[in-house]
Amino acid sequence: FRRIQFTPDLLPSDITGTKIFDQNEGAFVLQKGPLFANIVLADEINRSAPKTQAALLEAMAERQITIEGETLILDKPFMVVATENPVEMEGTYPLPEAQLDRFIMKLWLEYPEKEEEVDIMRRQISGDSPTVEAITSGEELLAAQKLMNMVYIDDRILKYIRDIVLKTRNHPQIALGCGPRASLVLMKCSKARAAILGRVYVTPDDVRSLVVPALNHRLLLKPEAELEGLDVKTVIKNIIEDIPIPI
């Protein structure tokens, strides 16, 4: 696990790595960056310049990094978890659509519940720090991914996913709809949810429960829709209700 704090002065080589001259060996040696990890936390990713954000594209799409012409394959499993500041606009750089499309889901963290907020203050007073322990290994996670591939998904469910994604491409309130990657993500996430719930098959409820988090960052609304007070989540929910559920 590696955490990267994104800042305006962060360079692409700061996250991918670079080659430095080793005087002892008399040659350039590779110094790997923090992207060479199984889980990478990109904290406040929208605070860095687009050039640095783009350095993540190859790693997220191809699972490899190219440094000065040398291509290096990343270890498996590899995933990027990113946070962004949704409120402050000064000093931030919105992620381009091509990079947003590489993320499987976009989730919104709500404020803590009343009692949870009190617990936060109590821990601050007592000085207690939460402990984090590993609950699985990389090998076990890869095995779980292979198990997910064994989950059955009927053609009717595949067509249901297709219809939802197609609806985003010709919707009167959407300027930019979802591409084929959205269909693949929704299919894989539905299979994963079924496996987590102990089933060996996908149901329409698996798909419906994941449409909003899987698609909400892949759409752009038309200006007139935003002027009407609509948001992406509302439009997606309306699409879900319009598409017939397969029986």
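Predicted model: local features only at pLDDT ≥ 70, side-chain atom pairs only at ≥ 80, totals over all residues.
Visitor: What percentage of the residues count as buried?
Guide: The chain has 247 residues, and a residue is called buried when its relative accessible area is under 20%. By that cut-off, the buried share of the protein chain is 32%.

Visitor: How many helices and strands are there, and what box do the C-alpha atoms fill?
Guide: The secondary structure comes to 11 helices and 9 strands. Taken along the principal axes, the box filled by the C-alpha atoms is roughly 70 × 45 × 40 Å.

Visitor: Which residues are in contact with Leu 215, leaving aside its neighbours within four places in sequence?
Guide: Leu 215 is among the residues that touch the most other members of the largest core. With those sequence neighbours left aside, its contacts are Ile 164, Cys 178, Ala 182 and Ile 236.

Visitor: How many residues are in the second, separate core?
Guide: Among its members are Ile 4, Ala 37, Ala 42 and Phe 78. The total for this second core is 21 residues.

Visitor: Is Leu 56 buried or exposed?
Guide: You can find Leu 56 in helix α2. Not counting residues up to four places away in sequence, Leu 56 touches Phe 6, Ile 15, Leu 35, Ile 45 and Gln 99. Its relative accessible area is 0%, so Leu 56 is buried.

Visitor: How far apart in space are Leu 56 and Ala 42, C-alpha to C-alpha?
Guide: In sequence, Leu 56 and Ala 42 are 14 residues apart. In space, C-alpha to C-alpha, the distance between Leu 56 and Ala 42 is 9.7 Å.

Visitor: Why does Thr 92 count as buried, and which residues is Thr 92 in contact with beyond four places in sequence?
Guide: Thr 92 sits in the loop between β7 and α3 (97–100). Its relative accessible area is 13%, so Thr 92 is buried. Leaving aside neighbours within four places in sequence, Thr 92 is in contact with Asn 46 and Arg 47.

Visitor: Where is Glu 44, and what is its phi?
Guide: Most residues other than glycine have a negative phi. Glu 44 is in the loop between β4 (39–43) and α2 (50–62), and at 24% relative accessibility it counts as partly exposed. Although Glu 44 is not a glycine, its phi is positive, at about 55°.

Visitor: What is the phi of Arg 63?
Guide: Arg 63 lies in the loop between α2 and β5 (64–67). Its relative accessibility is 38%, so Arg 63 counts as partly exposed. Arg 63 is not a glycine, yet it has a positive phi of about 60°.

Key
Residues numbered from 1 in each chain as written. Heavy atoms only, no water. Helix = DSSP H or I, 4+ residues; strand = E, 2+ residues; numbered from the N terminus. Buried < 20%, exposed > 50% of the residue type's maximum accessible area, 1.4 Å probe, protein only. Contact = heavy atoms within 4.5 Å. Core = buried A, V, L, I, M, F, W, Y, C linked by side-chain atoms within 4.5 Å.
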